[in-house]
Amino acid sequence: MYRIFRVLIGLAALAGLGGASLAVWPIGEAPDLTQRKGDAQRGAYLARAGGCIACHSDPGSGRPALTGGAPIETGFGRFVPPNITPHDTAGIGAWTIDDFARAVRQGVAPDGNPYYPAFPYAFYSHLSDQDIADLWAAFQGVGPQEVTSGENEIAFPFNLRFGLKLWRAAYAEGPATAADPDRSDAWNRGRWLVNGLAHCGACHTDRNLLGGRRPGEYLSGSDDLPDGGKAPPIRPGDLREAGWTVSSLAFGLKSGVMPDGDTFGSGMGEVVRDGTAWLSEEDRRAMAAYLLDEDEAGDGG
């Protein structure tokens, strides 16, 4: 019944969109990064922090890394993270750096179509031109692989991509990442990571019937993740009540071990294994400082 209700709501929303006009409504501005040189090593670090390896790889499949992630089952359909190796047809080898910039920061494909928000582009919108160039350099250094993980299977009416343009207008704005001059360098670095690149709010925030994050529920947890998963609240008071400190949370982001000695579940376990465990101690402490709203973690760098 819940799935049917979602579809009915989606149909009602789409009916009022004016599909023909939305189909030609442009999205965002065209970037120009063709002369920008990237640092592949820094880009690889950003890719780890941003969850690119975790999302676009499926170790259990036997396929090489970055050739596509495990399918994500949602109430809107089945989303399959694509191959992002530089293969000309199976991956992103035919893209330009400007295509890549639009995809990552604006959620727009090279053909101009919007991506589904299963791709957390809203959280990447703050990335600088240099960040994008570094990420691009990192992915260009990966061996091209002519394999894929399959195709999306999206339920009607959500398979009508023009409807995403109105969705974007309502829900695509990411949380604030700009530095607060009254807070420490560590806290601000943590804010940049948590609210942006690491996109913690993508899982730890409840969503409405159309898949939009509920602003008043940011980081307050979710009981409706893909595949029936759950994410706990990670606001400062909730974390302290669960026994976390800056030091223990920084350690948890490296090891996956919680204050009571238990370990994170599969979803967060993968985030640690493929993402936060690879970050510097300074960045893990910065994330912990921001999440616990403390300034005592030292400079985040």
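This is a predicted model: local features need pLDDT of at least 70, side-chain atom pairs count only at pLDDT 80 or more; totals for chains, interfaces and linings use all residues.
Residues are numbered from 1 along each chain as its sequence is written, and side-chain values use heavy atoms, leaving out hydrogens and water. Local features need pLDDT of at least 70 and side-chain atom pairs pLDDT 80 or more, while totals for chains, interfaces and linings use all residues.

Helix α5 covers residues 97-106; helices (H or I, at least four residues) and strands (E, at least two) are DSSP runs, numbered from the N terminus. Ten of its ten residues are buried, so the rest of the structure largely encloses α5. Here buried means under 20% relative accessible area, exposed over 50%, and partly exposed in between (1.4 Å probe, protein chains only). The buried residues of α5, packing against α6 (129-140) and α7 (163-171), are in contact with them in the sense of heavy atoms within 4.5 Å. Just past the helix, G107 takes a positive phi of about 70 degrees.

On to the charged pairs. A salt bridge puts a side-chain nitrogen of Lys or Arg within 4 Å of a carboxyl oxygen of Asp or Glu, and the count by this rule is 14. One of them joins R105 to D129, with the closest N and O atoms 2.9 Å apart. That pair links helix α5 to helix α6, 24 residues apart. R105 is buried at 17% relative accessible area, whereas D129 is partly exposed at 29%. R36 joins R105 and D129 in a network of salt bridges.

Another salt bridge pairs E153 with R78 (3.8 Å, N to O). E153 sits in strand β3 and R78 in strand β2, so this pair ties together parts 75 residues apart in sequence.
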